[in-house]
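Hi,

Here is the structure I said I would pass on. Have a look at it first, and my notes follow below.

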Amino acid sequence: MLALAIICGGVVSFLLAGGFINWVLWGMREGVIQSQLGHVQITRPGYFRDGASDPYRFLLDGDLSVIRGGPTFEIRTVAPRLAFTGLVSINDATISFIGEGVDAQAEIPLSGGITTLAGSDLASAGADAAVLGEGLAANLGAHPGDSVVLMATTASGGVNAVELKVAGIFATPVKAYDDTAIRVPIEAARRLMRVDGATSWVVLLDDTAHTDAAIAAFRAALPADRYEIVPWIELADFYNKTVELFGTQVNAVLLLIAVIVVLSISNTLSMAVIERTTEIGTSMALGVRRLGILGLFVWEGVVLGVVAGVLGVGIALALGELISFVGIPMPPPPGMSRGYTGRIDISAALALQGFLLAFLATVVASILPAWKASRMNIVDALRHHA
């Protein structure tokens, strides 16, 4: 029972920790996709590499209907965006900003990760409205209903300005974005920059799992010399680094738990071998070969590993559901402005990993005690009873 409890405890600990990290990464991924990046971005070739210095050399024009769904995926929306930068002023305050001109109606499905904190979103506002990121609004002292002036260097090198009314203040999962971001109707952005078209088309699919299929379909349908198809994963630098960090942590936890299980179970089984010395000697005296003794103890380890693995995964799944129902209050993580209620997401792959942890660690732990049992001297083993 002690060995079973040790293995189950290790499996449950690993799965709950891994399930929490899975949920955090899922939430971060979907938040970034639904508030900023979409699943796929379509640009002119080289825009993300060379467009920082002269983005309007890479303007897209044409009909968005060339972006179509496929047999294995559906498109929820295709939204044109025009990126621009400049200065925003209100009263005596002037701050630099990073702006996006957007189609407010097309952006509605892309706003799942955007929270309107005050006022309204662009879809409910007029053509001369703007919404400000929470941090930028706080630094400006701006509130819904205020008028702000956006000033920027146009594509031709001149200076232009527009006056817009603050419709609302928003927040996304990324604090750094909220500290500098302004979103305006794309026509207002075009008027400010004196250009037509868009710097990117943002595609939101019905499911993140369909991203690869959509990319393959878009690349087959659109000429490579005119369009570059960029998946969200290539643009989500912070997410990629977080996945790498958490992956290393999960592997370290897995290794630590495996070592604890191997040492604990090996010690427990070694004690069991000592207690059964007479039984081992009697079996060998009756003709059981050393290989049979070895196989007997290894088989016991296999059975223990299977039972403990199944039991541990079952307990972890039940606890995961219970904890998710209650929720885990979490403070704001680095780079974010708000806390959240955590959940446990134990995927099938993670559950299999937990089962294999119990099974393989127990089998490995049983080998040394089994080998010691098979090498016993028959006479000494029988004498141990006396």
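**Gln-41 and its surroundings**

The side chain of Gln-41 comes within reach of the backbone oxygen of Leu-37, at 3.2 Å. Before you read too much into that, keep in mind that this is a predicted model. Gln-41 sits in strand S1, residues 40–43, and is buried, with a relative accessible area of 5%. Setting aside residues up to four places away in sequence, Gln-41 touches Gln-36, Phe-48, Ser-200, Trp-201, Val-202, Glu-228, Ile-229, Val-230 and Leu-235.

**The pocket**

The largest pocket holds about 1200 Å³ of space. Its lining has 41 residues, and Tyr-47, Phe-48, Ala-83, Ile-98 and Glu-100 lie nearest the centre. Phe-48 is also one of the residues that Gln-41 touches.

**The cores**

The largest nonpolar core has 45 residues, and Ile-7, Phe-14, Leu-15, Ile-265 and Ile-346 touch the most other members. Elements giving two or more residues to this core include helix H1 (2–37), helix H7 (237–275) and helix H10 (348–374). H1 gives the most, with 17 residues. If you want to zoom in on Leu-15, its contacts, leaving aside neighbours within four places in sequence, are Val-313, Ala-316, Ile-346, Leu-350, Ala-351 and Gly-354. There is also a second, separate core of 44 residues, with Val-78, Phe-97, Leu-205 and Phe-218 among them.

Cheers

How values were computed. Residues are numbered from 1 along each chain as its sequence is written. This is a predicted model: local features need pLDDT of at least 70, side-chain atom pairs count only at pLDDT 80 or more; totals for chains, interfaces and linings use all residues. Side-chain values use heavy atoms; hydrogens and water are left out. A nonpolar core is a set of buried Ala, Val, Leu, Ile, Met, Phe, Trp, Tyr and Cys residues joined through side-chain atoms within 4.5 Å. Buried means under 20% relative accessible area, exposed over 50%, partly exposed in between (1.4 Å probe, protein chains only). Helices (H or I, at least four residues) and strands (E, at least two) are DSSP runs, numbered from the N terminus. Contact means heavy atoms within 4.5 Å. A polar contact is a pair of N or O atoms within 3.5 Å; within protein, one must be able to donate a hydrogen and the other to accept it, and residues adjacent in sequence count only if both atoms are side-chain atoms. On a 1 Å grid over the protein atoms alone, a cavity is a set of points where a 1.4 Å probe fits but cannot get out, and a pocket is an open set with protein on both sides within 12 Å along at least five of seven lines; lining residues have an atom within 4 Å of a point. Grid points are joined across faces, edges and corners, and a volume is the space filled by probe spheres set on the points.
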